[in-house]
Amino acid sequence: MHGFEHKLIAFEIKDFLEDYLDESLFNEIKSVNIEDKCVIIKINSPILKHDFQMRKSFYLKKFQDKFGADKFNDLQIL
């Protein structure tokens, strides 16, 4: 059950990013997962990957505000 909850939140994060990002940028996101309170976002585009890394704390705060600060404590961009 616990793993299912993480998958559900990962889908919600992906939906949030779809609304937040331009369609062409969103299409560069390969996957969103959650492991050990860490949101892991895999991105194909090196430029978008760099942007996410530069604004890592901004995105982490957005996810914490929307889904609960207790759910995540880190964001990894791969």
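Let me start with a term: a residue is buried when its relative accessible area is under 20%, exposed when over 50%, and partly exposed in between, using a 1.4 Å probe and protein chains only. Phe67, at 14% relative accessibility, therefore counts as buried.

Two housekeeping sentences, then. This is a predicted model, in which local features need pLDDT of at least 70 and side-chain atom pairs count only at pLDDT 80 or more, while totals for chains, interfaces and linings use all residues. Residues are numbered from 1 along each chain as its sequence is written, and side-chain values use heavy atoms, with hydrogens and water left out.

Now to helix α4, residues 56–67. Helices here are DSSP runs of H or I with at least four residues, strands are runs of E with at least two, and both are numbered from the N terminus. The expected span of a helix is 1.5 Å times one less than its number of residues. For the 12 residues of α4 that gives 16 Å, and the end C-alpha atoms are 16 Å apart, so the two agree.

Which residues of α4 are buried? They are Tyr59, Leu60, Phe63, Gln64 and Phe67. After the helix comes Gly68, with a positive phi near 110°.

On to the aromatics. A pair of aromatic rings is described by the distance of the centres and the angle of the planes. Rings of Phe, Tyr and Trp (its six-membered ring) pair if their centres lie within 6.5 Å; planes under 30 degrees apart are stacked, over 60 edge-to-face, and the rest tilted. The whole structure has 8 aromatic pairs. One of them, Tyr20 with Phe58, is tilted, at 6.1 Å centre to centre and 40° between the planes. Tyr20 sits in helix α1 (residues 2–20) and Phe58 in α4, so this pair ties together parts 38 residues apart in sequence. Tyr20 is partly exposed at 37%, and Phe58 is partly exposed at 31%.

How many salt bridges does the structure hold? It holds 3, counting a side-chain nitrogen of Lys or Arg within 4 Å of a carboxyl oxygen of Asp or Glu. Glu5 meets Lys71, with the closest N and O atoms 3.4 Å apart. That pair links helix α1 to the loop between α4 and β3 (74–77), 66 residues apart. Lys56 and Asp74 also form a salt bridge, 3.4 Å from N to O, which links helix α4 to strand β3, 18 residues apart. Then there is Asp65 with Lys61, at 2.9 Å. These two are 4 residues apart in α4, so about one helical turn separates them. Asp65 is exposed at 56%, whereas Lys61 is partly exposed at 47%.

Last stop, the strands. β1 (residues 29–35) and β2 (residues 38–43) pair in the antiparallel sense over 6 bridges; pairing requires that DSSP finds at least two bridges between the strands. Ile29 stands opposite Ile43 in β2. The two strands form a hairpin with 2 residues between them, and Asp36 in the turn has a positive phi of about 50°.
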